There are 2 protein chains.
Amino acid sequence: MTPVTGTEEDPTTRAYDVVVLGAGPVGENVADRARAGGLSVAVVESELIGGECSYWACMPSKALLRPVAARADARRVPGLKQAVQGPLDAAAVLAHRDYYTSNWKDDGQVGWLESIGADIHRGHGRLAGEKTVVVEGPDGTLTTLTARHAVAVCTGTRAVVPDLPGIADAKPWTSREATSAQAVPGRLVVVGGGVVGVEMATAWQALGSQVTVLVRGEEGLLPRMEPFAGELVREALEEAGATVRTGASVSAVHREGTTVTVTLDGGETLQADEILFAVGRAPRTDDIGLDTVGLKPGSWLDVDDSCRVTGSDWLYAVGDANHRALLTHQGKYQARIAGDVIAARAQGQAVDVAAWGAHSATADHDAVPQVVFSDPEAGSVGLTLAEAERAGRRVRAVDYDLGSVAGAGLYADGYKGRARMVVDLDTETLVGVTFVGPAISELVHSATVAVVGEVPIGRLWHAVPSYPTISEIWLRLLETYRG
Amino acid sequence: MTPVTGTEEDPTTRAYDVVVLGAGPVGENVADRARAGGLSVAVVESELIGGECSYWACMPSKALLRPVAARADARRVPGLKQAVQGPLDAAAVLAHRDYYTSNWKDDGQVGWLESIGADIHRGHGRLAGEKTVVVEGPDGTLTTLTARHAVAVCTGTRAVVPDLPGIADAKPWTSREATSAQAVPGRLVVVGGGVVGVEMATAWQALGSQVTVLVRGEEGLLPRMEPFAGELVREALEEAGATVRTGASVSAVHREGTTVTVTLDGGETLQADEILFAVGRAPRTDDIGLDTVGLKPGSWLDVDDSCRVTGSDWLYAVGDANHRALLTHQGKYQARIAGDVIAARAQGQAVDVAAWGAHSATADHDAVPQVVFSDPEAGSVGLTLAEAERAGRRVRAVDYDLGSVAGAGLYADGYKGRARMVVDLDTETLVGVTFVGPAISELVHSATVAVVGEVPIGRLWHAVPSYPTISEIWLRLLETYRG
C-alpha cells in the first residue's frame, strides 16, 4: 500500500495516489471510495466544497419546491383545503432554502472531506501533462500535485447562456441565480422547458412570480421523458397561472433598469423583471489543461464503464463531465464505482468490469432514474418507448390512468396522473417505466429495482402492492399488459 | 368448455362451474379470474357486495387517515405550517369518507360483478355437502347452487370482541363502527395496539377525540413489525395528545347513557364516550356448513399454495379465511391465483404450482407487504429480524436513521424515521425491509420488488435512488451493510 499522505519535501509539489479535480458530490464520492481503498487523495476545488448540487441545484431547488408540493397536496385533501388557499409564505421558504444551502458556506463539507482524510487544495486545477495537476491558488501561488495512480476529472457542467444581442447587459439568471435568488421577481421569463426550466417555473410561480415559459421547439416540456409527462406538467403549470409557449425562440434581450425586454423571432416582445436561461449545460473542461494530455479543451470526456477516459490508463472523468447522465445521483453512482476501481487497479486487485459488475457503471446505459419535482411530479427510469424503439428493441408500452387507482384518489381528490411501462417482449422484462402525478417521487425506485434487477413480468406479479397505495398502479399495469 | 350460465330447469337449483362464498375484494377477484378463464360463476353475499374493505376497512380508514398525514406533512413545511395549525374540518373529512364508501351502498360493485358476467346471489350461503351451496335469501327462500369444479370460501373475518362483563350493553365499537362513525366522540378508548388500533387512534385523535390506547402486553404498538415501528408511532401518538398505556388489561366495561366506564385489571377505571375493541380477527367460517364437508365450523381453513383446502380437490379458501395473511391486497393476490388455477384445472390445462409459479401464492410465505397509515407511516415487507432468526436463517440487520437522508429532511422539517434491511448472509438477498417515517408508504414497493425478485445486494448497488428523494435510504442501507 502507498502512503496515505503526500511527500512534503518540496512545498510546491505534493504527491498523492489520486488527484480529484472538483469537490462536488461526485468528486467527494471518488475521494471517499479511493480513501476507503487505502489511497491518498487530493481534492482540488475553485469554488465551494459541495459543488453545484449543494448550493445551486438539487438542494435549493428541492427546498423551494417541496412547499409547493405540500401545498398542492393539502389543497386536494378534504378537511384541509380551506386552510391552504393562501399564497406560500415566500420569506419563510427562501429562508429555509438558505438553511439547506448552509447560506452558501462550505464548512460542513470541508469538515467531512477532512474527516475521511482527503487533502483539500483550494484553487483552480489544471492538468500539466501525465498524472500532474497544477493548482493556482486564490493568491496566485502554484502548487504541483502529482498522482501516482489516477486523476479524476469531476468538474461537472455549467449552464449554457446563448450568445444573443444584449445578453451580457441583461444579467440573465441561470440555474444558479434561479436557485439562490433572495427576492421573488414580479415577472419571470423562463427560456427552456427541460427539467431546470420546469422546476424553476413551478417554484417561482408558486412563490408569487408571474411566469412565462418559452420553449423553442414544438416538442413541449420535458422532451426527454414520455410525451404525457410534459403534457400533464404543462396543464398544471397553466392551471397555476403560468404561461407556456412553444415555438417561441428568443432573438434578443435588453435590460433597462429593473425591466428586461425579450424579443422573439418574428419581432414580438415580452417584458419581465428577470429572465432565466435553462437551455442546456456545457462541460467545465475548457480550462483544465486537457490540451496537455492530448484532449480537446471544452469537450465532453469519453469514458468506458469504469469511467476511465478512452485511451488513457490513469485519467478518469466522472459525473457530468463524461456526459453519460447529467444527474447528481448518477454521478455519485459513477463516483463510487470509479473510486473503487481506481483503488483496485492501484493495488493490483481483481477488477470486475463485466456488465453489472462492481466496477462497471452499467446502469448509466439503460437504467437511469430521474425525478422532476414539478407539480405533478414526473419520474422515470430506463428508456422511453421512443428510445427503446430507436434502439431496435421489440417492445410494447402499457399505459394506465393513475387517477383511477384507489390509493391515488384517496391520496388526493381529483388526482390526475398517468403511468407507462415499456416491456421488452423478448425477455419479458421492463425496459422503462414513467410515472406522472402527485407523490410519485418515491414510486420510481420500485421501477428502478425492477429494471436493474431484470425482474421478469412473471415474478413481478408476486410483488404485491399494499392497498390502498398509489403503488397499486403496478397491478393495473400488469393487468393491462396481460390484456 | 362448460356453459357460462347455470341451468334453470329447476328454479331452486342452479348449476355453475364455480361458486364463490363472499363478495369482498377477494371473492370478486376469484370470480373475475374464473370468468376470464371461461367458467360460469355464482357469487353469494349476505351483506354488501364489495365487502369489509370497501365499507368498513381500507377505504374508509384511508379516507379518514389521509387528511391527518397531509396536515402533518404541511405542518413540517416552511411557508405553510402557520396555515395548518388549526384542527381538521371533521365534518368535511367524514363526508369525504362517506363518499369513498359510496354511503354504504353497493350499486357500483354490483354493476362491476354483473359486467364480468358473474351471477349474484344475495343471502347467506352454506355448504351442503360436496360441491353444493345452499343460499338462504333475505326472504327465507332457499336456492341450491351446485359447483361443477370448485367452491371458494372468501368469507373473510370479523372483529373479535372479548367476552367481558358488561360488554353487550356497552355497545363497543369494532373496526366497523370505528370506520363508519358519523360523529367524533369526545373521549375514545382503543383496546389493542395492532394496525386497526393504531390507525383508528391516529384518525380519531386528529379529528378531535381524546384517545387512550390500552395494550394488554408490554410489547407495545404494532407488535408484528420491527420494534422501532411501534416505538416511533407511540411517540408521535403521544405528541399528538393521545395516551398510550401498555400492560393495561380490560376486565369489565359498563355503559351508563353516553358514558362508558372501563375497568382495568387491578381495579382502576377510565371513562370514555366510546370504546373500540381492536384485539384480533376471527374467521367467518362458523356458519357456512363446513361440518357438511368434514371440516370444523369456525376454523381457519388450511390450504396449499394454490389456495385449495388440504385434502380436498374442489374446495378453496382464499383471503383472510385461510389465515395466510390478513390483508386485502394479499387476499386479492391469492384470489387472482386461485381464480386462475380453478380455471386451469377445470379445463385440464397445465398448472404451475412451483415456487413463484403463476398458480402459487408463494409471496404469502415470506414476502408480504404491509403499510400502516399512521403518522409516521410504518411499512414493511418480508420477515422481521426476529422472524428471520426464528426461522433459522443466517441474517444480519442493517439500520439507518431515515431523518438523516437529505431527501427526507427536505420532505419534512425535523423528519423522524428509521429503516431496517434484513439480509440473508448466505444468498446476499433481502429477507425483509421496514421503513417508518412520513411518506414511506410508496417506498415499500421498492423493497417488495427487491425481496420478491430476489435481487442480490450486488445488483441493488446499481439501482440508483433519485436525488434528493427519501428513497436514498437505499444507498445508506447498502453502505451501512458494506460497513
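Where in chain A does Gly193(A) lie? Look at the loop between strand E8 (187–191) and helix H7 (195–207) of chain A: that's where you'll find Gly193(A). Before going on, keep in mind that this is a predicted model.

**A site from the record**

An unreviewed UniProt entry carries the annotation "binding site" for Gly192(A), Gly193(A), Gly194(A), Val195(A), Val196(A), Gly197(A), Val198(A), Glu199(A) and Gly280(A). Those residues are spread over 89 residues of sequence, yet they cluster in space, with a largest C-alpha distance of 14.1 Å.

Is Gly193(A) buried or exposed? Its relative accessibility is 7%, and buried means under 20%, so Gly193(A) counts as buried. Leaving aside residues up to four places away in sequence, Gly193(A) touches Val198(A), Val215(A), Leu221(A), Leu222(A) and Pro223(A). One of these, Val198(A), is also on the annotated list.

Val196(A) lies in helix H7 of chain A. With a relative accessible area of 32%, Val196(A) is partly exposed. Skipping residues up to four places away in sequence again, Val196(A) touches Ser175(A) and Ala278(A).

**Two helices across the chains**

Next, let's see how chain A meets chain B at one pair of helices. Two packed helices are described by the angle between their axes and the distance between the axes. Here, helix H9 (residues 328–346) of chain A packs against helix H15 (residues 473–482) of chain B at an angle of about 15°, and their axes are 13 Å apart.

Which residues make the contact? From H9(A) come Lys332(A), Arg336(A) and Asp340(A), while H15(B) brings Leu475(B), Arg476(B), Glu479(B) and Arg482(B). Sorted by class, the contact has six charged residues, one nonpolar and no polar.

Stay in this part of the chain for a moment. Thr362(A) lies in the loop between H9 and helix H10 (363–366) of chain A. Thr362(A) has a relative accessible area of 10%, which means it is buried. Not counting residues up to four places away in sequence, Thr362(A) touches Tyr333(A), Ala354(A), Ala355(A), Trp356(A) and Gly357(A), plus His462(B) from chain B.

Finally, have a look at the backbone angles. What kind of peptide bond runs from Asp375(A) to Pro376(A)? That bond is cis, and a cis peptide bond also joins Asp375(B) and Pro376(B). The table gives the angles.

| Peptide bond | Omega |
|---|---|
| Asp375(A) to Pro376(A) | near 5° |
| Asp375(B) to Pro376(B) | about 5° |

In chain A, Pro376(A) lies in the loop between strand E17 (369–372) and strand E18 (377–382). In chain B, Pro376(B) is in the loop between strand E17 (369–372) and strand E18 (377–382).

Two other residues have a positive phi without being glycine. Lys131(A) has phi near 55° and sits in the loop between strand E4 (124–127) and strand E5 (132–136) of chain A. Its relative accessible area of 25% makes Lys131(A) partly exposed. Over in chain B, Ala439(B) has a phi of about 60°. Ala439(B) belongs to the loop between strand E21 (429–437) and helix H13 (444–452) of chain B, and at 18% relative accessibility it counts as buried.

Note on methods: Residues are numbered from 1 along each chain as its sequence is written. Chains are lettered from A and ligands numbered from 1 in the order in which they are written. This is a predicted model: local features need pLDDT of at least 70, side-chain atom pairs count only at pLDDT 80 or more; totals for chains, interfaces and linings use all residues. Side-chain values use heavy atoms; hydrogens and water are left out. UniProt positions are given in the numbering used here, feature names are shortened, and annotations may be inferred rather than shown by experiment. Helices (H or I, at least four residues) and strands (E, at least two) are DSSP runs, numbered from the N terminus. Buried means under 20% relative accessible area, exposed over 50%, partly exposed in between (1.4 Å probe, protein chains only). Contact means heavy atoms within 4.5 Å. Axes are lines fitted to C-alpha atoms, for helices over the stretch in contact, and angles run from 0 to 180 degrees between N-to-C directions. Ala, Val, Leu, Ile, Met, Phe, Trp, Tyr, Cys and Pro count as nonpolar, Asp, Glu, Lys and Arg as charged, and the others, Gly among them, as polar.
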